[in-house]
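Biologist: I am new to this structure. Please take a close look at a single part for me, the interface between the chains.

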Amino acid sequence: MKIAVASGKGGTGKTIIATSLALVWENPTFLDCDVEGPNAHLLLHPTIEESRPVTVTVPRVNEIDCNLCGECADFCRSNALAVLPRKWMVFEQLCHSCGGCRLVCPTGAIYEENRRIGEVRFGRRDHIPFVQGELDEGEAHPIPIIEEVLRHSGDQGDVILDSPPGTSCSMIEVAEAADVVLLVTEPTPFGLHDLNLAVRALKEIRRPAAILVNRADWGADEVRDFARSEDIPILLEIPHILKVAEGYARSRPLVESAPEFRSAFALLKSQLRSLTRETAA
Amino acid sequence: MKICVTASSEGLNAPVDSRFGRAPFMVFIDSETGEAESRPNLAATAGHGAGTQAAQAVSRGGAEVLLTANCGPKAFELLRAAEVEVFSIVGGTVSEAYEAWKNDSLTRLENANAASGWSG
């Protein structure tokens with residue numbers, strides 16, 4: 001079973017929840033899919049054993065064969081190619097690596113090269129295999145990195161996916177790979193607004209959702225009303241706890257700063273498990 | 001020679017549009033005859049790469065000079081390669097921008113003066 005820990009709004013506590021879930025789980029694999037700002041390693045402290053570059057293909061032109069007809073640029077939906085009266089240009093960061101330009105080129109002048117856009121790192125925290133992707137600074141397309149991270153889910157056992165925030169392509173990519181999505185929210189107007197967006201997105205892609213309210217003691221009535229109206233279970237409410245915040249500032253996961261929550265997270269685990277079973281049935 | 005001005009609507013009296021890639025119209029002015037031809041900017045609604053698409057339209061439209069307010073790095077690189085000179089304008093109408101260019105009172109852009117669209 002794969003569990004994505006996501007949120008609409010950033011900063012609600014996705015990573016502190018995902019890492020704590022991993023620590024109460026038996027034999028999970030942890031994938032940090034938040035490739036534009038991976039930070040689960042700060043809480044899990046894995047030993048990184050290996051890193052591999054992630055590359056995408058980009059077009060190049062053989063200038064002798066290119067007759068500057070412009071068919072490649074006309075075809076490119078990403079506007080990554082430009083053909084000027086005397087020059088062929090590629091804007092690599094706009095390229096989505098579809099390879100269409102090479103196919104439509106009437107003179108066979110276009111070929112492809114690999115270009116690095118980030119890397120995937122592999123490690124371990126005790127018994128937990130840990131995989132983390134990171135997009136290089138200045139790069140525009142996180143999806144190829146996320147795809148590469150997701151390829152390392154393993155053949156068996158449970159996988160915890162730390163999702164990127166928001167509801168754009170990156171989050172959808174991770175949610176679609178999951179059997180259930182735990183949405184971490186906070187009881188603020190921004191939290192509720194973005195939770196609503198995330199719930200809409202998950203309905204669209206038909207992924208079962210559950211909610212965890214972080215800092216619930218700030219007044220979670222509106223989140224509860226929303227969850228009821230959407231028929232989505234709130235599996236856990238966590239109050240704002242000073243020692244958890246202090247622990248976080250010292251790179252400690254929630255269940256280590258507040259061990260009394262271990263049983264709540266163990267219960268959360270079994271609830272997530274039964275939620276996927278219900279959906280499957 | 002042809003001068004291209006980014007505009008919010010058609011014609012010489014249209015207000016200039018401060019965005020390059022996403023301006024709704026491009027007004028091409030022939031400096032020999034003073035005649036203006038307005039073309040809708042097909043790049044205005046592009047998901048990505050509006051600047052590079054618009055820059056190609058400027059070049060293919062035969063313009064040697066572009067008058068616009070903000071131009072990002074990729075579009076600027078393309079315009080430079082296409083040997084299109086870019087001059088910076090602030091507000092006013094298309095004809096006011098054109099007159100200012102004729103009077104040599106506009107500053108020529110030496111570098112992109114806006115951030116990439118996707119980097120926010």
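Modeller: What follows is a walk across that interface, then a wider look at one kind of contact found there. This is a predicted model, in which local features need pLDDT of at least 70 and side-chain atom pairs count only at pLDDT 80 or more, while totals for chains, interfaces and linings use all residues. Residues are numbered from 1 along each chain as its sequence is written, chains are lettered from A and ligands numbered from 1 in the order in which they are written, and side-chain values use heavy atoms, with hydrogens and water left out.

Start with who touches whom. Chain B brings 16 residues into contact with 20 residues of chain A; contact means heavy atoms within 4.5 Å. Next comes area. About 1300 Å² is buried between chain B and chain A. Carbon and sulfur atoms give 61% of that area. Buried area is the accessible area (1.4 Å probe) that two parts lose on being put together, summed over both.

Now the polar side. Between chain B and chain A, 8 residue pairs are in polar contact, with both residues at pLDDT 80 or more. A polar contact is a pair of N or O atoms within 3.5 Å; within protein, one must be able to donate a hydrogen and the other to accept it, and residues adjacent in sequence count only if both atoms are side-chain atoms.

Which parts of chain B touch chain A? Helix 1 (50–60) and helix 2 (73–81) of chain B each supply at least two residues of that side. Helix 1 of chain B gives the largest share, 6 residues. Helices (H or I, at least four residues) and strands (E, at least two) are DSSP runs, numbered from the N terminus. By type, this side of chain B divides into 6 nonpolar, 6 polar and 4 charged residues. Ala, Val, Leu, Ile, Met, Phe, Trp, Tyr, Cys and Pro count as nonpolar, Asp, Glu, Lys and Arg as charged, and the others, Gly among them, as polar.

Charges also pair across the interface. Chain B and chain A share 2 salt bridges, each a side-chain nitrogen of Lys or Arg within 4 Å of a carboxyl oxygen of Asp or Glu. B:Arg60 forms a salt bridge with A:Asp74, their closest N and O atoms 3.3 Å apart.

Step back from the interface. Over all chains there are 30 salt bridges. One of them joins A:Glu26 and A:Arg273, at 3.6 Å from N to O. This pair links distant parts of the chain, 247 residues apart. A:Glu26 lies in the loop between helix 1 (14–24) and strand 2 (29–32) of chain A. A:Arg273 lies in helix 11 (residues 262–280) of chain A.
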